Amino acid sequence: MSVFTRWISGLAGWCKNRLRSSKVSSIRFIITWSFSVFIVLVLTIMVMLLHDKFSQAAERSAELTTRQIVDQVSYSLEDYVRSMSHLYRAIEEHMLRDGTWEGDQVDKQLDTLLSSREDIISITLLDEQGHLLKNRPSARLKPSAHVTQQGWFQSALRVPDHLSFSLPHIQNMYDGPYKWVVSMSKGITVRQDGQDRQVILLVDINFKQMDELSRRVSLGQRGYVYIIDESAGNIVYHPQQQLMYMGLKRENIEQALVATGSYEDESEGQKRLNTVKSVANIGWKIVGVAYLDEMLTTRQEVNGYLIRVLIVVLVLAIIVSLILSSSLTRPIRRMERKMKAVERGDFSVELPIEGPLEVERLSRRFNLMVNKIRALMNEIIHEQEQKRRYELEALQAQINPHFLYNTLNSVVRMVGMSRNEEVVTMITSLSRLFRISLSQGKTIITVREELEHAHHYLTIQQMRFKHKFRFNMEADEEILECLTLKLVLQPLIENAIVHGIEYDMDEGQIEIRVYQEETNLVLRIMDNGVGMTEEQVASLLNGNVIVKSGAGSGVAVRNVHDRIQLYYGDAYGLEFASELEEGTTVWIRIPIQYKRELREGER
């Protein structure tokens, strides 16, 4: 038992190491594999323990079946012999009543008996010298029959008043077809005419009836039954009688004569089980022969049955383990899917609280973690929005002093030149410009207000640069009510005047057009100034400003671009196109919005 325990422990350790080294280490696989291996081990142990018992029981059952079949043949044969004995006594009574066997009444009774029993071949009455006294059916006795030399005749004389059964033989006393018969004979003393007389009554019965009783027996596929005479060891019946007479087959009759019950022998290299049973009142023995390899086939059938049971139970165990492992791992797989969703950035997931106790606890903590992460994300988003608003306001504040510095510088120069009317006009435009710039603290205004602000700014710059340029503004009426960031045109107009038109010898032209392009609002500023190189255009938006003059630095252009992207996103902003000596075009693209769509936080 200790060896078996060590073997089981070693197998369990091997399985554990294999699971650790295997890449397939899911909980479902481990449960299914472990459960199946456990069931196989238990069933294997049970099969090993029960195999020998089942095999021995099968062999005992086969041996018992053989004995029962032989007993049944014996009982059937005894019953048939008993019925023949009764029949013989009935014939004796009808034929020898009152010591006479002549008369129509006796003939009629014997004929009736013969017609009712097909197994009776003939009835013959002889005297002790073998002379025919009477027979039915009536026939002439052959002179060559030598009746007195027949075994049945001598048995009747040797043991009077005892019914003897002969071995099967061919009846050849009469002319006609020869048949295999068993002769029943008995020496009888009758009193006739006041004197005792010895007669012999012979009844021949068809051996076919006994042959059929034996042939109907089946002991496996090759087993059979044969009958021997206990007194001389002669074979009464054998299914292979011709082979026995020809010497091509033999039986161990000597052992069968002395044996009782069962014994094993070997014939033609094959082991056999022989079962012997004596037939009462006749002196015969019935021997049943069964081949041991067919009994071993029964053991093989038991083995096959146990293997099939093992396979069926294993399949059922795998199915049950799959169902069990699936029910246990389903909540875990669901949790895995939710975790992958969180990895992709979906923080709206929530696990149902169900499954085993441990899984319920994990689900609660997972939901708590996701809710906390979601709250932190919302807090970060709120802080970023606040930060963007502060940056926007800081950029706005950066633009206003820059513009004020440039404008006041122009006013100072005009006052110095005593251009009073122009100073009044400029200051009036400046006051209206600042009124729009303030806009009650709003950072979003309508396109109409932005264009009005640009118009006042251009008026101031026209007076400052002594009408060195002309300007034109176009916008559809419905576009005027759209919303835009405040002060996006003025820095670009300033850049066009200072860096494009101021140093050009020809009269400058500035055109401002506002229109809708799909879902975007486009504000376009065109000038015919000196233009810029591709390097200068690129520097305007990347922070490395190359274009410089005494009147402006180009910082406001980058501020406008940053303000648009901070408010609307990276998909929007400024776009430049410029050629030297041809001019510059700037497009401002923002999403189109109307007053009713204005964000509550920006009002």
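In strand S11, Val-287 is the bridge partner of Val-276. Helices (H or I, at least four residues) and strands (E, at least two) are DSSP runs numbered from the N terminus, and two strands pair if DSSP finds at least two bridges between them. The model is predicted: local features need pLDDT of at least 70, side-chain atom pairs count only at pLDDT 80 or more, and totals for chains, interfaces and linings use all residues. Residues are numbered from 1 along each chain as its sequence is written, and side-chain values use heavy atoms, with hydrogens and water left out.

**Strand S11 and its partners**
- Strand S10 (residues 270-279) pairs with S11 in the antiparallel sense over 8 bridges.
- S10 and S11 form a hairpin with 4 residues between them, and Asn-281 in the turn has a positive phi of about 70°.
- Strand S7 (residues 224-229) also pairs with S11 in the antiparallel sense, over 6 bridges, and Ile-227 stands opposite Ile-286 in S11.

**Burial of S11**
- In S11 (residues 284-291), 8 of 8 residues are buried, where buried means under 20% relative accessible area, exposed over 50% and partly exposed in between (1.4 Å probe, protein chains only).
- Trp-284, Ile-286, Gly-288 and Ala-290 point one way from S11, while Lys-285, Val-287, Val-289 and Tyr-291 point the other way.
- In a regular strand the side chains alternate between the two faces of the sheet.

**Glu-450**
- Glu-450 is found in helix H11 (residues 447-464).
- The side chain of Glu-450 reaches the backbone nitrogen of Leu-487 at 3.0 Å.
- Beyond its neighbours within four places in sequence, Glu-450 is in contact (heavy atoms within 4.5 Å) with residues including Ile-445, Thr-484 and Gln-490.

Definitions and conventions. Polar contact = N/O pair within 3.5 Å; in protein donor to acceptor, adjacent residues only side chain to side chain.
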